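This briefing concerns a single protein model and is written for use beside its sequence and coordinates.

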Amino acid sequence: MANEWFYTRDGQPSQAPATSAQLQQLATGGQLLPTDMVWREGMANWAPASSIKGLFATPKAAAEPVPAVEQPGRRTPVPPTRAQPAREAAVPDFPMPTADPPRRAASSAGPPGLHPLLVLLLSVVTLGGFGLYYAYRVCKAFPPKGARRADASGKPAGRPRHPLGVMLLAYLTLGFSFYFWVANVLRECGEYTGRRDFHPRTELTLMLLFPPYAIYVAVFRLPILLRATLAQANVPEPVGLNSAVVFLNPLLFPVLPLLAMLYQDALNQAWLAEG
């Protein structure tokens, strides 16, 4: 956006962009130094923060030199006049206009851009090890930095998570991460919708003490909050949300993380929606 600034601290890029007012506060509080670099859309490259006019308080003008006292009988030489130097190009007032981020602003934590066939080949050669690593890198980079923390009405938005990461983590932890995921989703949806009849800590305790209770929560209690959240965010319900009862079949218990993947995909649409 035109009002978002990227900046560095000790040579490290900021985790999220800052508005013009926030950047001014950082400079006033000493958290942004004149030697730090700043950038926003429209700029061809990074620039020192000191080059942004109005960002830092201008130092007081140096005191005028005291004229030398002429001695009697001796005349003070007059320095030769010189042509006035050309006026330096004026630095635009803060904030500056904002272009595509330079390569320096790109995060090195993003997923590796490899061809799908190469990923498949490396996964086969490493007996799946590279596939897990690649999935970890992709899930860690989701979502893009700067995801909103609240919707247009100011209601707190939940944390977007990669659906595949939710499912894989549940399998790798033998289901324990699934319990914590359910509790976090209950808390996020409860804060977003304003409902207080769901208690995430109580539900988490019951799931840890009696693991089959997690199936009841995932099939019956969690969909209630999901529907309220999606309706409030003006996001259509996924088709599989009404078919969650099929996971009551004991034969489908091992694939219960698939239900979490479906739920998280629907929630991401609500947390990242513009409305």
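The model is a predicted one. Two helix pairs are described, α2 with α3 and α5 with α6.

**Helix α6 and its surroundings**

- Helix α6 spans residues 200-209, and its buried residues are Glu203, Leu204 and Met207.
- Viewed along the axis of α6, these buried residues lie within an arc of 100°, and they therefore line one face of the helix.
- An α-helix has 3.6 residues a turn, so residues three or four places apart point the same way.
- Arg201 and Leu209 are exposed residues on the face of α6 that is turned away from the buried side.
- The cover over the buried residues of α6 includes α5 (176-193) and α7 (213-232).

**Packing of α5 against α6**

- The axes of α5 and α6 are 9 Å apart, and the two helices pack at an angle of about 165°.
- Because angles over 145 degrees count as roughly antiparallel, α5 is roughly antiparallel to α6.
- The crossing of these two helices, α5 and α6, is right-handed.
- On the α5 side, the contact is formed by Phe176, Tyr179, Phe180, Val182, Ala183, Leu186 and Arg187.
- On the α6 side, the contributing residues are Pro200, Glu203, Leu204, Met207 and Leu208.
- Sorted by class, the residues in the contact of α5 with α6 are ten nonpolar, two charged and no polar.
- Glu203, Leu204 and Met207 of α6 are buried, and these residues also take part in the contact with α5.

**Packing of α2 against α3**

- Helix α2 (residues 116-125) and helix α3 (residues 129-140) have axes that come within 6 Å and cross at roughly 130°.
- The two helices, α2 and α3, are therefore oblique to each other.
- Helix α2 contributes Val119, Leu122 and Ser123 to the contact, while α3 contributes Gly129, Phe130, Gly131 and Tyr134.
- By class, four nonpolar and three polar residues make up the contact of α2 with α3, with no charged residues.

- Leucine 55 counts as buried because its relative accessibility is 2%, and buried means under 20%.
- The C-alpha atoms of leucine 55 and serine 20 are 9.2 Å apart in space, although the two residues are 35 residues apart in sequence.
- With a relative accessible area of 12%, arginine 161 is buried.
- Leaving aside residues up to four places away in sequence, arginine 161 touches Phe142, Val166, Trp181, Asn184, Val185, Glu188, Gln264 and Asn268.
- Asparagine 268 is 107 residues from arginine 161 along the chain, yet their C-alpha atoms are separated by 7.0 Å.

- Most residues other than glycine have a negative phi.

Notes:
Residues are numbered from 1 along each chain as its sequence is written. This is a predicted model: local features need pLDDT of at least 70, side-chain atom pairs count only at pLDDT 80 or more; totals for chains, interfaces and linings use all residues. Side-chain values use heavy atoms; hydrogens and water are left out. Buried means under 20% relative accessible area, exposed over 50%, partly exposed in between (1.4 Å probe, protein chains only). Helices (H or I, at least four residues) and strands (E, at least two) are DSSP runs, numbered from the N terminus. The arc is that of the directions from the helix axis to the C-beta atoms. Contact means heavy atoms within 4.5 Å. Axes are lines fitted to C-alpha atoms, for helices over the stretch in contact, and angles run from 0 to 180 degrees between N-to-C directions. Angles under 35 degrees count as roughly parallel, over 145 as roughly antiparallel, 65 to 115 as roughly perpendicular and the rest as oblique. Ala, Val, Leu, Ile, Met, Phe, Trp, Tyr, Cys and Pro count as nonpolar, Asp, Glu, Lys and Arg as charged, and the others, Gly among them, as polar. A crossing is left-handed if the near helix is turned anticlockwise from the far one by less than a right angle, and right-handed if clockwise.
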